[in-house]
Amino acid sequence: MKGVSVRKIKKICVFCGANSGKDVAFVNAAFHLGEVLGKRKIDLVYGGGKLGLMGCVSTAVAQHERQVLGIIPSAFTVNNLVGETCGKEIKVATMQERLVMMMELSDAFIALPGGFGTLEELFQMISWAQLSIHNKPIGVLNINGFFNGLLSFVDHAVKQEFITPKARKILISATTADELVDKLQAFRFESDPALSKLKWSPSSSQKEKLDLTLRL
C-alpha cells in the first residue's frame, strides 16, 4: 500500500468451516484466498484435514508450493474423521492447545465463513489481542455479506459501550482477499494502556494462565 508502512507477514492462520456452505461463492473465495497467499509467498497455518473450506484453502496454497501446516487435536484423527492434512501436521491434545499454537506460529489471522468453531477461534484471537497477549492483525473475508450481521453486532456493542472504539479497530474486514491481506499488512496495533501492563509470560501465575480463556 503506497505511503503506508507494511508489516512483514510470512504465515497467515485461516479459520473457516469444515463444511463448504450453501453458496458456491464461499468455495471459490477459499480457493482464491489460497491462490493469493501462494502468489504473495505467504505460508498457511490452519486446523488440519481436508473438509469443506479448510480443504479448499489448504489445497490452493499447496498448489502454489507454499508451506501448509495443519494443527489438529488428536481426537479428530481417529478413523480419519477430517481427512488427510495437505502438508505438515502437528497433533495436539486439546482445542485450547491448538489455538495457542496457532497464535504463536502465525503472523496474522483471517476468518472465512464458518460455524461456531470458526467464530470461537475468531473471537478468542480478538480477545487475546485486546488483552495484549498478542499484537497480530485479524480480519474477516466478508464474502457476499456473510459477516454483515456479525460486524453490525460488533458496532452495536460499541454503541452500547461494551466494546471500546479502540478495541473495535482490532477486527478488520474486506470483501476481497487482496484487499484484506493489504489491510493486515498495514495494521498498526493500539494497545490499551491498562491491559498492556498485564504479564502473560510463562512465569505468570496459574490464574493468569487460566485467564487466557477470558472473553471481554
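**Notebook: helix packing and a pocket**

I began with the helices, and my opening note is that α1 and α2 are roughly parallel to each other, because their angle falls under the 35 degrees cut-off. The model I am reading is a predicted one, so I keep that in mind throughout.

**Entry 1: α1 against α2**

I looked up where these two helices sit: α1 covers residues 24-39 and α2 covers residues 52-63. They pack at an angle of about 30 degrees, and their axes are 7 Å apart. I checked the handedness too, and α1 passes α2 in a right-handed crossing.

Which residues of α1 meet α2? I listed F26, V27, A30, F31, L33, G34, E35 and L37 on the α1 side. Their partners in α2 are L53, C56, V57, T59, A60 and V61. Sorting this contact by class, I got 11 nonpolar, two polar and one charged residues.

**Entry 2: α1 against α7**

Next I followed α1 to helix α7, which spans residues 177-186. Here the angle is about 50 degrees, with the axes 9 Å apart. That makes α1 oblique to α7. The crossing of α1 past α7 is right-handed.

From α1, I found H32, L33, V36 and L37 meeting A177, D178 and V181 of α7. By class, I noted five nonpolar, one polar and one charged residues in this contact.

**Entry 3: α3 against α4**

I then turned to α3 (95-105) and α4 (116-130). They pack at about 60 degrees, with 11 Å between their axes. The two are therefore oblique to each other. I recorded a right-handed crossing of α3 past α4.

On the α3 side, the contact uses Q96, R98, L99, V100 and M103. On the α4 side, I found E120, E121, Q124, M125 and W128. The class tally for this contact is five nonpolar, two polar and three charged residues.

**Entry 4: the largest pocket**

Last, I went looking for open space. How much space lies in the largest pocket? I read off about 520 Å³. The pocket is lined by 32 residues, and C16, G17, A18, M54 and T118 are the closest to its centre.

Technical notes
Residues numbered from 1 in each chain as written. Predicted model: local features only at pLDDT ≥ 70, side-chain atom pairs only at ≥ 80, totals over all residues. Heavy atoms only, no water. Axes fitted to C-alpha atoms, helices over the stretch in contact; angles between N-to-C directions. Helix = DSSP H or I, 4+ residues; strand = E, 2+ residues; numbered from the N terminus. Parallel < 35°, antiparallel > 145°, perpendicular 65-115°, else oblique. Left-handed = near helix turned anticlockwise from the far one by under 90°. Contact = heavy atoms within 4.5 Å. Nonpolar A, V, L, I, M, F, W, Y, C, P; charged D, E, K, R; others polar. 1 Å grid on protein atoms, 1.4 Å probe; cavity = no way out; pocket = protein on both sides within 12 Å on 5 of 7 lines; lining within 4 Å. Points joined across faces, edges and corners; volume = space filled by probe spheres on them.
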